[in-house]
Amino acid sequence: MSCPVRKYPLRQPKNYRPPVPRWQLRLPEDLDRVFTAYVGLQRQKDGDDTTVAAGIATKSVEAWLKGNPPMSHECFEVVDGDDEPGTRVWVCYYTDSGVYEQAVQALDLSKIYASLGAQNQFIGLWCERFSTSRSLLETNYSGLDYLPGLARLPGTTTVEHTYSAYWGAARDRIPDSGEDLFEKAADAVAPAKTPAGSGEHLSGSNYENMVHIRSGQFWENCNDEERESYETKLEPTLKTGLGYLWENPLDTGTIGLRFMRNTRPGEGVLKETCGAGFFRSLGDLEDWAEKHPSHKAIYLGAIKHAKFFGESRKFRTWHEVSVLKRGDATFEYVNCLPRTGAIRSVNLEKKYL
């Protein structure tokens, strides 16, 4: 059986061999879509009342998780970016559309907020969720001994590939890239005025070809030398690159990007982080990755690290990228700070609480 002819050719050079091995996710054949929901709990001020309210809200979210269990979920704490530092975040992954819809309908953020009574003044709640077609998804993993995110869904496997370590590789890994350029939407324009957020319930959806990325780092299994190398060389370089994106959201198309540290009940913070957020288009993400010195430094530093530590390397990187067609994503913010998530970047409907 011959392969279909691509309208848009691969970006991979001829006779190309990647410098280091990489793997990508393979979903079960009968799975056409995956579903992702990020839920956040924002503490906007310190104080006893806020602590009590945050505790009540946390129990409500955890009760929702228990009553509507996803196929996989992870927990984070926001370190920096488009949110309040210290915000608690849960990411939930689903494979069944009916289970997903039932779960998100059961998550009533306004009800949770109202249940906090007078103590809710400095609590924000949000949910950013989306549905991803398998033909609009790409993943990349530097090793197989630690596979988070979508890779924890039942029935998934991994396969080694050669579409890595060249400009345009991420696009090449998206199955539909042979027929679609995923161009920036004409209505991908930020609001003329940013909503106040406080005292408001904001909701809306995405425009055509918005992109979501979650990109992670895991160094829990590294020896002391490799751990120090990551924490003193690679991580500062990564933070510099993220800082550039946060400082230039209109130029780079960065939307609601958070840098978060993974947490686990009873274990506190882990030696694992991820950046998660949206971009205006795949082209915007590619422009930063290919052209800006801050990303080139991240890329070259990672390659250098891999070559130096060789087969003894335990540092792992990975990412999952979704191209979202119009209406695939839903944004909801209840009493959130105006810098939260997509509030400054996407036109949202407003209701007063």
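In this predicted model, the side chains of Asp187 and Arg326 come together in a salt bridge, with 2.9 Å from N to O. Asp187 sits in the loop between helix H4 (169–172) and strand S8 (200–205), while Arg326 belongs to the loop between strand S12 (316–324) and strand S13 (329–334), so the pair ties together parts that are 139 residues apart in sequence. Buried means under 20% relative accessible area and exposed means over 50%. Asp187, at 37% relative accessibility, therefore counts as partly exposed, and Arg326 is likewise partly exposed because its relative accessible area is 47%.

The structure holds 17 salt bridges, and two others are worth a look here. In one of them, Glu128 pairs with Arg258, and the closest N and O atoms are 3.0 Å apart. This pair also links distant parts of the chain: Glu128 is in strand S5 (residues 123–133) and Arg258 in strand S10 (residues 254–264), 130 residues apart. Both Glu128 and Arg258 are buried. In the other, Arg280 forms a salt bridge with Asp284, and here the closest N and O atoms are 2.8 Å apart. Arg280 and Asp284 are both buried as well. Through shared partners, salt bridges join Asp83, Glu128 and Arg258 into one network.

Strand S12, which came up above as a neighbour of the Arg326 loop, is mostly covered, with eight of its nine residues buried. Strand S6 (residues 137–141) runs antiparallel to S12 and is joined to it by five bridges. Within this pairing, Leu137 has Ser322 of S12 as its bridge partner. Strand S9 (residues 210–218) also pairs with S12 in the antiparallel sense, over nine bridges. Here Met210 stands opposite Leu324 in S12.

Two single residues give a view of other parts of the chain. Asn68 lies in the loop between helix H1 (48–67) and strand S3 (72–81). Its relative accessibility is 14%, so Asn68 counts as buried. Leaving out residues up to four places away in sequence, Asn68 touches Tyr94, Gln102, Ala103 and Ala106. Glu231, by contrast, lies in helix H5 (residues 224–247) and counts as partly exposed because its relative accessibility is 29%. Apart from neighbours within four places in sequence, Glu231 is in contact with Trp219, Pro236 and Lys271. The C-alpha atoms of Glu231 and Asp172 are separated by 31 Å, and these residues are 59 places apart along the chain.

The largest pocket has a volume of about 1,100 Å³. It is lined by 46 residues, and those closest to its centre are Ser215, His295, Ile298, Tyr299 and His319. Helix H7 (residues 282–291) supplies the largest share of this lining, six residues. By type, the lining of the largest pocket divides into 28 nonpolar, eleven polar and seven charged residues.

The second largest pocket holds about 600 Å³ of space. Of its 19 lining residues, Gln24, Leu25, Arg134, Arg173 and Pro175 are the closest to the centre. Strand S1 (22–26), S6 and strand S7 (157–161) each supply at least two residues of this lining. The lining of the second largest pocket is made up of eight nonpolar, three polar and eight charged residues.

Technical notes
Residues are numbered from 1 along each chain as its sequence is written. This is a predicted model: local features need pLDDT of at least 70, side-chain atom pairs count only at pLDDT 80 or more; totals for chains, interfaces and linings use all residues. Side-chain values use heavy atoms; hydrogens and water are left out. A salt bridge is a side-chain nitrogen of Lys or Arg within 4 Å of a carboxyl oxygen of Asp or Glu. Helices (H or I, at least four residues) and strands (E, at least two) are DSSP runs, numbered from the N terminus. Buried means under 20% relative accessible area, exposed over 50%, partly exposed in between (1.4 Å probe, protein chains only). Contact means heavy atoms within 4.5 Å. Two strands pair if DSSP finds at least two bridges between them. On a 1 Å grid over the protein atoms alone, a cavity is a set of points where a 1.4 Å probe fits but cannot get out, and a pocket is an open set with protein on both sides within 12 Å along at least five of seven lines; lining residues have an atom within 4 Å of a point. Grid points are joined across faces, edges and corners, and a volume is the space filled by probe spheres set on the points. Ala, Val, Leu, Ile, Met, Phe, Trp, Tyr, Cys and Pro count as nonpolar, Asp, Glu, Lys and Arg as charged, and the others, Gly among them, as polar.
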